[in-house]
Amino acid sequence: MNMPLDTQLFDRAAIFAIKAHAGTERRGKAFPYIIHPMEAASIVSSITNDPELLAAAILHDTIEDTDVTEEQIRNEFGDRVANLVKNETSQMPKGTPWRTKRQSQIAIIVSASRDSKIVAIGDKLSNMRAIANDYSIIGDEVFNRFHAPNGKMDIEWYYRELANALQELNDTLPYKEFLSLINKTFSD
């Protein structure tokens, strides 16, 4: 029998995220975008059952990829969730060079709290799973989906730097899977 768990915050966040991402598709995947935040939340749930971290994981792309504002997240879900989501949101203006934008994201993660890193590993592992899976099917062509000027070389740099930034989580299974997928995908 399942033990009772207070899921009210996560349930509200899931509904909010589903509505925010309604009608959008995951780039290059031909499935609803919401699958990615759901997978990120599932990954986070393998580390913690903290309802605010789970809510932040499913909401992590709402500010960056939808019309949702940080203030809306703060009003609906509180300061902690809003701050966790903000840490997952690019702070760089549109048109910022690819590498500059990624260096900024890495710097945010390096100095972030363990809680923020837990939300980040959910997002980044979900992304790395998709890359590794597609790489096994279509090879280097997968890297054409990104706007990285040097393709695979830039993507490898970014994910290895993320692994360094997230090293505090090296005692978790998601981090170990993340590192394994990076090594497998970029070992060629």
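**Rings and a buried lysine**

Okay, let's start with Arg99: its charged end sits over the ring of Trp157, at 3.8 Å from the centre. "Over" here means NZ of Lys or CZ of Arg within 6 Å of the ring centre and within 35 degrees of the ring normal. Arg102 does this too, lying over the face of Tyr158 at 5.7 Å from the ring centre.

Quick caveat: this is a predicted model, so local features need pLDDT of at least 70 and side-chain atom pairs pLDDT 80 or more, while totals for chains, interfaces and linings use all residues. Numbering runs from 1 along each chain as its sequence is written, and side-chain values use heavy atoms, without hydrogens or water.

Trp157 and Tyr158 also belong to a cluster linked by ring pairs, together with Trp98, Tyr159 and Phe178. Rings of Phe, Tyr and Trp (its six-membered ring) pair with centres within 6.5 Å; planes under 30 degrees apart are stacked, over 60 edge-to-face, the rest tilted. That gives 7 aromatic pairs. Take Phe16 and Phe77: centres 5.3 Å apart, planes at 90°, so edge-to-face. Phe16 is in helix 1 (residues 8-20) and Phe77 in helix 5 (residues 70-77), so this pair ties together parts 61 residues apart in sequence. Helices are DSSP runs (H or I, at least four residues), numbered from the N terminus. Both Phe16 and Phe77 are buried, meaning under 20% relative accessible area with a 1.4 Å probe, protein chains only.

Now, where is Lys117, buried or exposed? Lys117 is in helix 8 (residues 114-138), and buried, at 7% relative accessible area. Leaving out residues up to four places away in sequence, Lys117 touches (heavy atoms within 4.5 Å) Ile109, Val110, Ala112, Ala165, Leu166, Glu168 and Leu169.

Definitions and conventions: Helices (H or I, at least four residues) and strands (E, at least two) are DSSP runs, numbered from the N terminus. Buried means under 20% relative accessible area, exposed over 50%, partly exposed in between (1.4 Å probe, protein chains only).
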